[in-house]
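The following questions and answers examine a single protein chain. Please consult the sequence and the model as each point is raised.

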Amino acid sequence: MLMMKAYAKINLGLNIIDKDKKDSYHTVDMINLPIELHDRIEIEMLPYGFDTLITSDDRELPTDEKNIVYKVEKALREKYNYQQKFRIHIHKSIPVGAGLGGGSADGAAVLIGLNKLLKLKLSTAELCEIGMKIGSDIPFSIRNAPMRVQGKGNILTPVKMKKSYNILILSPKKGLSTKEVYIKYDEVGAAPSSNIDGLIEALATDNEKLIHESLGNQLEKAAIEIYPELVRIKQSMENEGLKPSMMTGSGSTLFYISNNLKLMRKAYTTLKEKGFNVVLTKTI
């Protein structure tokens, strides 16, 4: 049996650049950071006569053809025509529909794991090429390092980080559909953009003030239109001194980045007591 870790991510910046009229996919410019919060993936070879089986300890997670892990395993099998079957179990810690890239992280971990178990000897670039056909965040999750992500998720440029940062994330009970958020974005327009160059400079020089000044997610306005309660939840964080808080991905998770661990621990305790789903973690 092989055990893999599938790491979540946050977007410090998410700008929408354009929309491809051919396939309706949006091109983006983002700063993505992997964080220590992760799912655990068990991959076990099954005896011949069994079919590949995907299971999870999260009842909300589909384990049929809707699951990215199912799609990844199917794509790899069709490309390399292997006969071996697997049981793939997903221990979920990353909330579903949260904008933390949990599904993509699971898919990336399975690609990497099957590459090892089947001795396919695929390069990182080859794994990314397969993953990109399944989900635009998979190439980032395969590389699992601070990146500027552009295009449709296929253009990745490493970003230097002088030090790690503590991250407090708050995941509302209601998750959001990425597809629905992008549709709403096309209707209502963009929230303020992030300063991508400012974020790159700030991470390289450990300038926390500049990080906070440069944050932005142009999908936040659309997410709030779908889920207005996000405004109150965001205010609850900022009332505890976690300002500015920011939505990651297409939501609904909000986060605060800092190295003021005393403030974050205090806020974590208070928000937890108020019934919020909060996690205190850090960047990798």
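Q: Is Ser 141 buried or exposed?
A: The model is a predicted one, in which local features need pLDDT of at least 70, side-chain atom pairs count only at pLDDT 80 or more, and totals for chains, interfaces and linings use all residues. Residues are numbered from 1 along each chain as its sequence is written, and side-chain values use heavy atoms, with hydrogens and water left out. Buried means under 20% relative accessible area, exposed over 50%, and partly exposed in between (1.4 Å probe, protein chains only). Because its relative accessible area is 11%, Ser 141 is buried.

Q: Which residues does Ser 141 touch, not counting residues up to four places away in sequence?
A: Ser 141 belongs to helix α4 (residues 138–143); helices (H or I, at least four residues) and strands (E, at least two) are DSSP runs, numbered from the N terminus. A contact means heavy atoms within 4.5 Å. With neighbours up to four places away in sequence set aside, Ser 141 touches Ser 104, Ala 105 and Ala 108.

Q: How many of the 16 residues of α2 are buried?
A: Helix α2 covers residues 102–117, and its buried residues include Ser 104, Ala 105 and Ala 108. The buried residues of α2 pack against β1 (2–19), β2 (26–45), α1 (68–80), β4 (86–91), α3 (124–132) and α4. The helix is mostly covered, the number of buried residues being twelve.

Q: Which strands are the edge strands of the open sheet of four strands?
A: Two strands pair if DSSP finds at least two bridges between them. The pairing in this sheet is antiparallel, and the order is β9-β10-β7-β11. Strands that pair on one side only are the edge strands, namely β9 (246–247) and β11 (278–282).

Q: Which residue in β10 does Asn 166 stand opposite?
A: Strands β7 (residues 166–170) and β10 (residues 254–258) run antiparallel and are joined by five bridges. Within β10, the residue opposite Asn 166 is Ser 258.

Q: What is the radius of gyration of the chain?
A: The chain has ten helices and eleven strands. The radius is taken over C-alpha atoms, and the globule rule is 2.2 Å times the number of residues to the power 0.38. For 284 residues that rule gives 19 Å, and the chain is close to it, so it is as compact as a globular protein of that length. The radius of gyration of the chain is 19 Å.

Technical notes: Expected span 1.5 Å × (residues − 1).
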